[in-house]
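User: I have this model open and I'd like to walk through it. Can we go residue by residue, then look at the bigger pieces?

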Amino acid sequence: MALSIATWNINSVRLRMPLVEHFLKTFSPDILCLQETKCPNDQFPSKPLKALGYEHIVMHGQKGYHGVATISRLPLTEIVERRDYCGVGDARHVSVLLHHRGKSIRVHNFYVPAGGDEPDRTINAKFGHKLDFIEEMKLLHAEAEAGISSILVGDLNIAPLEHDVWSHKQLLKIVSHTPIETEGLIDVMTKGAWVDLMRRKVPAEEKLYTWWSYRSADWQAANKGRRLDHIWSSADLDPHLTNISVIREARGWERPSDHVPVIAEFDF
């Protein structure tokens with residue numbers, strides 16, 4: 001009777017389809033939300049996913065960049081939203097509506113801009129784009145639709161809490177953990193009445209990572225991670241959360257993404 005939903009920045013879905021198939025066969029989430037698919041919709045590799053029972057696929061992709069896709073073995077309605085955040089034409093958001101065991105749930109799938117390397121919008125347009133994107137996300141409310149619960153997942157490219165990074169002090173001036181970003185993302189949560197489900201199961205005082213850089217020769221030994229991937233929900237779903245799993249082993253798979261999947265399980 002449980003519902004499980006996973007999020008994963010796959011960093012090219014066509015390149016890493018064998019990993020996606022392995023993940024689905026091994027962990028069998030009901031819904032998988034992918035980010036950074038780097039694939040136009042007409043070239044999305046749907047066939048192997050449908051062969052595994054994931055017949056419901058909603059994409060928002062573009063050639064070579066960005067892209068999000070939500071795949072499900074549960075029926076999804078035709079009420080789909082693809083919001084053009086910041087009005088620049090990037091494929092960074094898609095939402096679907098799910099009806100499951102008497103509940104209606106809007107599932108948002110996000111890929112927030114990384115923001116480049118320099119945390120100064122006056123010299124780095126990518127960082128300015130990221131801040132504008134986060135500002136626009138503050139308008140998204142978890143209870144925006146009457147009678148519909150909400151789940152928000154994705155690569156939000158910000159590690160908001162002190163123990164979401166390997167060294168709070170050393171990363172304060174590094175994009176993804178600067179105060180303007182972390183405060184902005186927490187403001188998104190507060191204004192939108194979102195619950196940070198990962199931190200409901202893993203206390204804020206404990207280290208929690210979902211990303212390890214390709215630049216590290218031995219990512220596992222160095223363990224210089226960040227929590228860039230998130231699962232949030234409207235408050236009504238919080239009591240139904242039974243488990244959060246960070247699939248750390250995926251970082252060591254052959255030709256891996258630098259992100260790993262995260263799975264949330266609910267008791268309905």
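This is a predicted model: local features need pLDDT of at least 70, side-chain atom pairs count only at pLDDT 80 or more; totals for chains, interfaces and linings use all residues.

User: Is G184 buried or exposed?
Analyst: G184 counts as buried, because its relative accessibility is 7%. Buried means under 20% relative accessible area, exposed means over 50%, and partly exposed is in between, with a 1.4 Å probe and protein chains only. Residues are numbered from 1 along each chain as its sequence is written, and side-chain values use heavy atoms, with hydrogens and water left out.

User: Where is G184 found?
Analyst: In helix α4. Helices here are DSSP runs of H or I with at least four residues, strands are runs of E with at least two, and both are numbered from the N terminus.

User: What does G184 touch?
Analyst: I134, K138 and P179, not counting residues up to four places away in sequence. Contact means heavy atoms within 4.5 Å.

User: And how far is G184 from G147?
Analyst: Their C-alpha atoms are separated by 28 Å. Along the chain they are 37 residues apart.

User: OK, helices. At what angle do α3 and α4 pack?
Analyst: At about 20 degrees, with the axes 8 Å apart. Helix α3 covers residues 125-137 and helix α4 covers residues 179-192. Axes are lines fitted to C-alpha atoms, for helices over the stretch in contact, and angles run from 0 to 180 degrees between N-to-C directions.

User: So how do α3 and α4 lie relative to each other?
Analyst: They are roughly parallel. That label is for angles under 35 degrees; over 145 is roughly antiparallel, 65 to 115 is roughly perpendicular, and the rest is oblique.

User: Which residues make the contact?
Analyst: From α3, F127, K130, L131, I134 and M137. From α4, I180, E181, G184, L185 and V188.

User: New topic. How many residues are in the largest nonpolar core?
Analyst: It has 29 residues. Those with the most contacts inside it are I5, I151 and F266. A nonpolar core is a set of buried Ala, Val, Leu, Ile, Met, Phe, Trp, Tyr and Cys residues joined through side-chain atoms within 4.5 Å.

User: Which elements give two or more residues to this core?
Analyst: β1 (3-9), β2, β5 (93-100), β6 (103-111), β7, β12 (241-246) and β13 (262-266).

User: What is I5 in contact with?
Analyst: Its contacts include I31, C33, V107, I151 and F266, leaving aside neighbours within four places in sequence. Another core lies apart from this one, with 27 residues, among them L19, V20, I57 and M59.

User: Let's do some single residues. Where is M198, and is it buried or exposed?
Analyst: M198 is in helix α5, residues 198-201. M198 counts as buried, at 0% relative accessibility. Among the residues M198 touches are L208, T210, I244 and V262.

User: What separates M198 from W232?
Analyst: Their C-alpha atoms are separated by 7.7 Å, and they are 34 residues apart along the chain.

User: What about S234?
Analyst: S234 sits in strand β11, residues 229-234. S234 is buried, at 1% relative accessibility. Its contacts include A142, S149 and W194.

User: Which loop holds A159?
Analyst: The loop between β7 and α4. A159 is buried, with a relative accessible area of 0%. Among its contacts are D164, S176 and R226.
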